Amino acid sequence: MRKIAIIGAGNMGGAIARGILGGKLSGEYEVRLSNPSAGKLERIKAEFPSAVTTVSNVEAVVGADIVILAVKPWLVKQVIDEISTSIDVEEVTIVSLAAGISVDDICDMFDNSLQAAYSVARAMPNTAIAVGESMTFVCGDRAAKYKIDELNMIFGSMGHSAVIAERMMGGAMALCSCGIAYAMRYVRAATEGAVELGLYPDAAKEYIFQTIRGAVALLESTGANPEVEIDKVTTPGGVTIKGLNAMERNGFTTAVIEGLKASSR
Ligand SMILES: NC(=O)c1ccc[n+]([C@@H]2O[C@H](COP(=O)([O-])OP(=O)(O)OC[C@H]3O[C@@H](n4cnc5c(N)ncnc54)[C@H](OP(=O)(O)O)[C@@H]3O)[C@@H](O)[C@H]2O)c1
């Protein structure tokens, strides 16, 4: 059985461990998880007794085929220094989730003499990975295609995954990893507006969810540009165009674009 070591059992590492152990790939991989504090490990072990948990990063990576670095970006170098002599250079695929750290940056963190031998990739999920609905991006020119394909398959089992060029990673992260917060903010704003219009917030949230589901379903079924579907709603002189124009006067499209650009820097 192939072995995946996940370094860091936080939001991402914990969700990935649960997603592999309890999802479509259940039984396909041995999952090892390391974290400095034991509480998170104990909770995962209680849910999935087959998980191998340890407070030692070195113990987690020995013999691993895939090592997922799920620590904060500023800890990546420290973790690489710790594990680099304990991994199988020829076999292992190193996958970093760290925002803003390139594949080349990661390769540079390894001892010079071994850099060329390492397969390094990046994966960028979003927090919906915890419910098997992530939009994840995988990239890495320094790893063989079959290794990238395996990562794409693994992350695809926890939602949807796409392989992209690394130069697109910043934009993709803004759109989907940060973007999940923007989608939440829309839900919050719409709920606040609904309450001002006299609806109850919990009910309004459900109505908004279904409206968003409907919008996605329509766009997916027709493949149309959103404006085509918007045209169907906007009667001349009607209330929808008045609402859309009021939103635009308040900077809706500009706010979204500027927000995405700010996130991708
Ligand atoms: N959150 C997101 O939406 C998101 C999206 C895409 C990518 N990412 C990337 O994913 C990575 C992890 O983010 P996160 O949100 O999962 O962070 P997190 O919840 O803070 O998890 C990080 C985990 O790493 C553990 N840790 C700290 N030092 C460690 C060490 N030396 N060795 C092993 N584990 C260590 C922490 O343990 P303790 O808490 O016990 O200290 C914590 O459980 C980041 O690089 C981030 O950029 C995050």
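Me: How many residues apart are K145 and D149 in helix 6?

Reply: Happy to walk through this one, bearing in mind that the model is predicted. The side chains of K145 and D149 meet in a salt bridge, at 2.7 Å from N to O. K145 counts as exposed at 61% relative accessibility, while D149 is partly exposed at 33%. Both sit in helix 6 (residues 145-156), and their separation is about one helical turn because they are 4 residues apart.

Me: How far apart are the closest N and O atoms of R188 and E192?

Reply: Both residues lie in helix 8, about one turn of the helix apart. R188 is partly exposed at 44% relative accessibility, and E192 is partly exposed at 49%. They form a salt bridge in which the closest N and O atoms are separated by 3.5 Å.

Me: How many disulfides does the count come to?

Reply: A disulfide needs two cysteine sulfur atoms within 2.5 Å. For C107, the closest cysteine sulfur is in C139, 11 Å away, and therefore too far for a bond. C176 is in no disulfide either, with the nearest cysteine sulfur, that of C178, 9.5 Å away. The count comes to 0.

Me: Is S134 buried or exposed?

Reply: Good one to check in the viewer: S134 is found in strand 7. Leaving aside neighbours within four places in sequence, S134 is in contact with residues including P125, I129, M158 and H160. Its side chain also makes a polar contact of 2.8 Å with the side chain of T136. Because the relative accessible area of S134 is 2%, under the 20% cut-off, S134 is buried.

Me: Which elements give two or more residues to the nonpolar patch?

Reply: The patch, about 500 Å² of nonpolar surface, is made by Y186, I212, V216, M247, F252 and V256. The elements giving two or more residues to the patch are helix 9 (201-222) and helix 12.

Me: Which residues are linked in a network of salt bridges?

Reply: Side chains of opposite charge can pair when their charged atoms come close. A search of the whole structure finds 11 salt bridges. The residues linked in a network are R2, D65 and E150.

Conventions:
Residues numbered from 1 in each chain as written. Predicted model: local features only at pLDDT ≥ 70, side-chain atom pairs only at ≥ 80, totals over all residues. Heavy atoms only, no water. Buried < 20%, exposed > 50% of the residue type's maximum accessible area, 1.4 Å probe, protein only. Polar contact = N/O pair within 3.5 Å; in protein donor to acceptor, adjacent residues only side chain to side chain. Contact = heavy atoms within 4.5 Å. Patch = residues over 30% accessible without salt bridge, like charges linked within 9 Å, V, L, I, M, F, W, Y side chains within 5 Å. Areas by Shrake-Rupley, 256 points an atom, 1.4 Å probe, with all protein chains shown as cover. Salt bridge = Lys/Arg side-chain N within 4 Å of Asp/Glu carboxyl O.
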